[in-house]
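Here is a walk through one protein model. Keep the sequence and the coordinates in view while reading.

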Amino acid sequence: MERPLLVYTTFPDLASALNIGEALVRERLIACINVLPGMQSVYSWKGAVERGAEVAAILKSREGLADALAVALKARHPYDTPIILHLPVAGADADTAAWILAETQPCGPSGAGPQAD
C-alpha cells in the first residue's frame, strides 16, 4: 500500500489557503488541508530579515502524488517561492491511510470518486 504524505506550506492569508486547498481537494491531489491561521513568521528574504503574519497549512496526500502536488501548488500559490516541504509519514492508522489513499485516487469512468460507507 502506498504511504501517506504530509506537505507543509504557508500562505499569506486564510482565504488563499482555503481556496487553493479546496481546488487541490477537488482535483484529488490531496484528501484534506488543515489551515492554521494566526502564525507570525520571521524569515530571511533577499538579504533582509522580514516579519509577517502568515497561515500555516498541512496537506494530506500520498507519496505518488508528491511531484504533481508540488507543481499544482506552485502554479496557484501567491508567493514567488512558496515553502513546500514533503514530510514522509513513518506510520499511520490503517483507516486514516486508507481514507487518504481513496480520496486521492482518480475518479472512475462515471466521474464519481470513492463513496463513503
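There are 4 salt bridges in this predicted model. Three of them are followed here in turn.

Start with Arg-62. Its partner is Glu-2, with the closest N and O atoms 2.9 Å apart. Arg-62 belongs to strand E3, while Glu-2 sits in the segment before E1, so the bridge ties together parts that are 60 residues apart in sequence. Glu-2 has 29% relative accessibility and counts as partly exposed.

Next, look at Glu-22 and Arg-26. Their side chains form a salt bridge, 2.8 Å from N to O. Both lie in helix H1, 4 residues apart, which means that about one helical turn separates them. Glu-22 is partly exposed, at 41% relative accessible area. Arg-26 is exposed, at 64%.

Now move to Glu-27. This residue bridges to Arg-76, and the closest N and O atoms are 2.1 Å apart. Glu-27 is in the loop between H1 and E2, and Arg-76 is in helix H2, so the pair ties together parts 49 residues apart in sequence. Glu-27 is partly exposed, with a relative accessible area of 41%. Arg-76 is partly exposed too, at 31% relative accessibility.

What of charge overall? The protein carries 9 positive and 13 negative side chains. The centres of the two sets lie 4 Å apart.

Step back to the fold. The protein has 3 helices and 4 strands. Along the sequence they follow the pattern β-α-β-β-α-β-α. The C-alpha atoms fill a box of roughly 50 × 30 × 25 Å, taken along the principal axes. Take the contacts between residues at least 6 apart in sequence: 73% of them join residues at least 24 apart.

One pair illustrates such a separation in sequence. Arg-28 and Ala-102 are 74 residues apart in sequence, yet their C-alpha atoms are 9.4 Å apart in space.

Go inside. Of the 117 residues in the protein, 36% are buried. The largest nonpolar core has 20 residues. Which of its residues have the most contacts inside it? They are Phe-11, Leu-24, Ile-33, Leu-59 and Leu-69. Five elements each supply at least two residues of this core: strand E1 (4-11), helix H1 (14-26), strand E2 (32-45), strand E3 (48-62) and helix H2 (66-76). H2 gives the most, with 5 residues.

Leu-24 is then in contact with Leu-29, Ile-30, Leu-59, Leu-69, Ala-72, Leu-73 and Arg-76. Two names in that list, Leu-59 and Leu-69, are also among the core residues with the most contacts.

Arg-28 is found in the loop between H1 and E2. Its phi is near 65 degrees, a positive value in a residue other than glycine. Lys-46 also has a positive phi, near 50 degrees, and is likewise not a glycine. Lys-46 is placed in the loop between E2 and E3. Which of the two is buried and which is exposed? Arg-28 counts as buried, at 12% relative accessibility. Lys-46 counts as exposed, at 69%.

The protein exposes about 7000 Å². Carbon and sulfur atoms supply 56% of that area.

How values were computed. Residues are numbered from 1 along each chain as its sequence is written. This is a predicted model: local features need pLDDT of at least 70, side-chain atom pairs count only at pLDDT 80 or more; totals for chains, interfaces and linings use all residues. Side-chain values use heavy atoms; hydrogens and water are left out. Buried means under 20% relative accessible area, exposed over 50%, partly exposed in between (1.4 Å probe, protein chains only). Contact means heavy atoms within 4.5 Å. Accessible areas come from the Shrake-Rupley method with a 1.4 Å probe; for residues, only the protein chains shown count as cover. Lys and Arg count as positive and Asp and Glu as negative; His and the chain ends are not counted. The place of a charge is taken as NZ of Lys, CZ of Arg, CG of Asp or CD of Glu. A nonpolar core is a set of buried Ala, Val, Leu, Ile, Met, Phe, Trp, Tyr and Cys residues joined through side-chain atoms within 4.5 Å. Lists of a residue's contacts leave out its neighbours within four places in sequence.
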